[in-house]
Amino acid sequence: MYDIIIIGGGPAGLTAAVYALRAGKRVLVIEKNAFGGQITWSPRVENFPGYLSVSGVELGDKLLEQAMEQGADTELEEVTAVYFHENSWSVKCESGVSFEGKALVLATGARPRMLGVEREEELVGSGVCYCAVCDGAFYAGRDVAVCGGGNSALQDALLLSESCSRVYLIHRREAFRGEKKLVEALAARENVEFVLNARVESLLGEEELTGLVLEQNGERRKLAVEGVFIAVGHQPDNGAFAEYLDLDRTGYAMSGEDCRTKTPGLFVAGDCRTKSVRQLTTAAADGAVAALAACEYVDGI
Ligand code: NAP
């Protein structure tokens with residue numbers, strides 16, 4: 001029986017592990033994809049204290065190394081359900097295995113939101129992408145588009161502009177929501193074109209994407225691109241835990257800054273919970289808060 005099971009191995013979950021382990025607890029971290037979480041999709045991180053510039057993959061590796069060095073057990077599994085019974089949690093995974101723990105920290109983050117155009121799902125991997133770091137290299141020397149106006153879209157466009165022939169950055173508003181510094185860096189690139197006040201209406205191409213039809217300022221426009229990188233935000237994935245949580249209308253787990261939920265013994269940390277600022281630093285901060293609250297809970301039962 002573990003003292004604390006942490007579901008999600010991103011910055012929130014791995015920081016929670018470090019704090020719980022240093023408080024002498026037995027800890028398991030379960031991750032379904034890649035330890036490091038969303039940050040592994042960021043080519044450069046320049047706003048995490050202590051690092052002038054670091055790749056997301058390297059930062060994720062360091063977070064994992066630190067948690068393991070402190071004694072964390074880790075599992076690559078997808079959690080499908082959790083049950084609370086007589087002061088302990090049973091965590092069931094898709095592979096059929098299950099784990100028992102006294103307290104749970106949910107640090108499940110959020111996954112990319114879909115654009116919501118017809119045939120989007122059908123063309124995933126055939127021109128429609130959600131991760132420039134993962135798939136950008138396939139489009140070297142070609143024309144691509146990026147959709148979105150936040151930091152993810154701006155960073156994706158910057159990265160793609162280094163290898164793609166032309167990058168159209170499509171945003172539905174007049175101004176970007178992401179950092180000014182990134183917008184300025186993009187404006188200085190000759191192969192980047194801002195396509196503002198524009199929405200993607202449809203995807204062109206049968207088996208492979210060949211272009212986009214846009215509606216821009218009331219007019220229809222066609223863009224010939226072989227890839228479109230969709231970076232229009234994220235959505236949480238808290239369905240498996242819904243019975244024990246209050247979720248807001250967009251699915252985020254309701255909790256205050258203390259990371260506690262309505263269920264004793266269940267804590268939430270990072271992007272999966274309701275909060276106003278979702279950043280690496282706030283995820284890490286949540287990890288510490290949730291872990292210490294979970295330790296207090298475990299000591300009290
Ligand atoms: P975000 O900041 O929520 O931006 C999402 C963008 O997508 C917005 O510009 C939004 O438009 C647009 N959008 C949403 N739905 C759309 C739709 N259906 N069609 C067209 N456009 C749509 O998301 P994010 O860029 O993924 O960033 C999430 C958080 O992570 C942010 O806090 C960000 O600062 C942070 N982040 C940090 C780094 C870093 O380097 N530290 C890197 C990436 C992300 P509107 O502006 O009109 O709402």
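**Pocket lining and helix packing**

In this predicted model, the second largest pocket is lined by R111, P112, R113, M114, E121, V124, Y130 and Q235. The volume computed for the second largest pocket is about 180 Å³. When its lining residues are sorted by class, four are nonpolar, one is polar and three are charged.

Helix packing was examined next. Two packed helices are described by the angle between their axes and the distance between the axes. Helix α1, which spans residues 11–22, packs against helix α6, residues 280–300, at an angle of about 40°, and the axes of the two helices lie 7 Å apart. Angles under 35 degrees count as roughly parallel, and α1 and α6 are therefore classed as oblique to each other. The crossing of α1 with α6 is right-handed. On the α1 side, the contact is made by P11, A12, T15, A16, Y19 and A20, which meet L280, A283, A284, G287, A288, A291, L292 and C295 of α6. By class, 12 residues of this contact are nonpolar and two are polar, while no charged residues take part.

Helix α1 also packs against helix α2, residues 56–69, in this case at an angle of about 25° and with the axes 9 Å apart. The helices α1 and α2 are therefore roughly parallel to each other, and their crossing is left-handed. The residues of α1 that take part are P11, L14, A17, V18 and L21, and their partners in α2 are G60, L63, L64, Q66 and A67. The contact of α1 with α2 comprises eight nonpolar and two polar residues, with no charged ones.

From α4, the residues N151, L154, Q155, A157 and L158 meet L182, V183, A185 and L186 of α5. Sorted by class, the contact of α4 with α5 contains seven nonpolar and two polar residues, and no charged residues.

Terms used: Residues numbered from 1 in each chain as written. Predicted model: local features only at pLDDT ≥ 70, side-chain atom pairs only at ≥ 80, totals over all residues. Heavy atoms only, no water. Contact = heavy atoms within 4.5 Å. Helix = DSSP H or I, 4+ residues; strand = E, 2+ residues; numbered from the N terminus. Nonpolar A, V, L, I, M, F, W, Y, C, P; charged D, E, K, R; others polar. 1 Å grid on protein atoms, 1.4 Å probe; cavity = no way out; pocket = protein on both sides within 12 Å on 5 of 7 lines; lining within 4 Å. Points joined across faces, edges and corners; volume = space filled by probe spheres on them. Axes fitted to C-alpha atoms, helices over the stretch in contact; angles between N-to-C directions. Parallel < 35°, antiparallel > 145°, perpendicular 65-115°, else oblique. Left-handed = near helix turned anticlockwise from the far one by under 90°.
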